[in-house]
Amino acid sequence: MYTTELSKTTNVASTEDPDKLAAFEARVAADEFIEPKDWMPEAYRRTLTRQISQHAHSEIVGMLPEGNWITRAPSLRRKAILLAKVQDEAGHGLYLYSAAETLGTSREQMIEALHSGKAKYSTIFNYPTLTWADIGAIGWLVDGAAIMNQVPLQRTSYGPYARAMVRVCKEESFHQRQGYEIMMAMCAGTADQKRMAQDALNRWWWPSLMMFGPPDADSPNTAQSMRWRIKRETNDELRQKFVDITVPQAAALGLSIPDPALRWNEAKGGHDYGDVDWEEFYAVVRGEGPVAKERIKARRDAWEEGAWVRDAAAAYAAKRNRKAEAA
């Protein structure tokens, strides 16, 4: 999964050493990785901390809509696959929290920011999963959009983030395939099953397009993120690629994209598509999504109920350290 990029003003502080800043930008322009102990502008550090932590939050919160269906999967095979997928998402969150910690913010601080509402996560997870077809749509569309976002991040300028994304992208590619395979099975099934698949596509199509973030014209951070190689492609470029790849996949399933304005544009070699409802997008960002409050409550409850495990692990580690010091 991937967090929706939200626009925040990021300025390179005028107090930065100009020689160090010039050397940093030269390294980035040469496609060198920036490592944790390297000098970096504070604005670069803040931008990455926000982006990577939001990405991690999205992986963890993203377990909830699918985890809701583990006990209700239609077969043992589907249950095992979904359980493995949710477990993968937990691992992705851990990789990303670890990468973000190298920038100087503790995991506890990041989690507190999530629970308090200060930090954001992908808006897509504030929508409910109503039927089993939604699990297929999430794998096909949501993970498909995530892959579109994440593949360029394997070449992002910050080394720990880029390296974490290599494994994440490999696993997300399997997630997308299992989602599409669910949709294939449903579209080849009964008329009711195919209607269920179409209904899931209808509900998840537009939120999936929102995953790429606001239009480039309304995303003032994009230019700086591109310059620093944090991003490699703009929101609108990635959204266009996603539409062009997904439309023929829907046709192969015999499903219709819920966009009457969708049509092929020969001149640009891509599809034209309708306007995204950005008012809905920003409302969901503000925490007004259909199940936004449930998602945060579930994360807070899990954190509080798991306190005894963290305390026990810390006590055990302290005991081992005392024994090692006494030896």
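A charge is taken to sit over a ring if NZ of Lys or CZ of Arg is within 6 Å of the ring centre and within 35 degrees of the ring normal. In this predicted model, Arg-72 meets that description, lying over the face of Trp-69 at 3.9 Å from the ring centre. A further case is provided by Arg-177, whose charged end sits over the ring of Phe-174, 5.2 Å from the centre of that ring.

Contacts between aromatic rings were examined next. A pair of aromatic rings is described by the distance of the centres and the angle of the planes. The count comes to 11 aromatic pairs. In one of them, the ring centres of Phe-24 and Tyr-44 lie 4.9 Å apart and the planes stand at 75°, so this pair is classed as edge-to-face. Because Phe-24 belongs to helix α1 (residues 18-29) and Tyr-44 to helix α2 (residues 42-61), the pair ties together parts that are 20 residues apart in sequence. Both partners are shielded from solvent by the cut-off of under 20% relative accessible area for a buried residue: Phe-24 counts as buried at 3% relative accessibility, and Tyr-44 counts as buried at 0%. An edge-to-face arrangement is also formed by Trp-140 and Tyr-180, with 5.7 Å from centre to centre and 65° between the planes. Here Trp-140 is in helix α6 and Tyr-180 in helix α7, so the pair ties together parts that are 40 residues apart in sequence. Trp-140 is buried, with a relative accessible area of 1%, and Tyr-180 is likewise buried, with a value of 16%.

At the level of domains, the protein is divided into domain 1 (18-273) and domain 2 (286-326), and the centres of the two, taken over C-alpha atoms, are separated by 25 Å. The contact draws 12 residues from domain 1 and 10 residues from domain 2. Between them the domains bury about 1100 Å², of which 69% is on carbon and sulfur atoms. On the side of domain 1, Leu-64, His-115 and Asn-126 lose the most area to domain 2, together accounting for 48% of what that side buries. Asn-126 is located in the loop between α5 (107-116) and α6 (132-150), and at 4% relative accessibility this residue counts as buried. With residues up to four places away in sequence left aside, Asn-126 touches Tyr-121, Val-284, Gly-289, Pro-290, Val-291, Ala-292 and Arg-295.

Conventions: Residues are numbered from 1 along each chain as its sequence is written. This is a predicted model: local features need pLDDT of at least 70, side-chain atom pairs count only at pLDDT 80 or more; totals for chains, interfaces and linings use all residues. Side-chain values use heavy atoms; hydrogens and water are left out. Helices (H or I, at least four residues) and strands (E, at least two) are DSSP runs, numbered from the N terminus. Buried means under 20% relative accessible area, exposed over 50%, partly exposed in between (1.4 Å probe, protein chains only). Contact means heavy atoms within 4.5 Å. Rings of Phe, Tyr and Trp (its six-membered ring) pair if their centres lie within 6.5 Å; planes under 30 degrees apart count as stacked, over 60 as edge-to-face and the rest as tilted. Domain bounds come from an automatic or database domain assignment. Buried area is the accessible area (1.4 Å probe) that two parts lose on being put together, summed over both.
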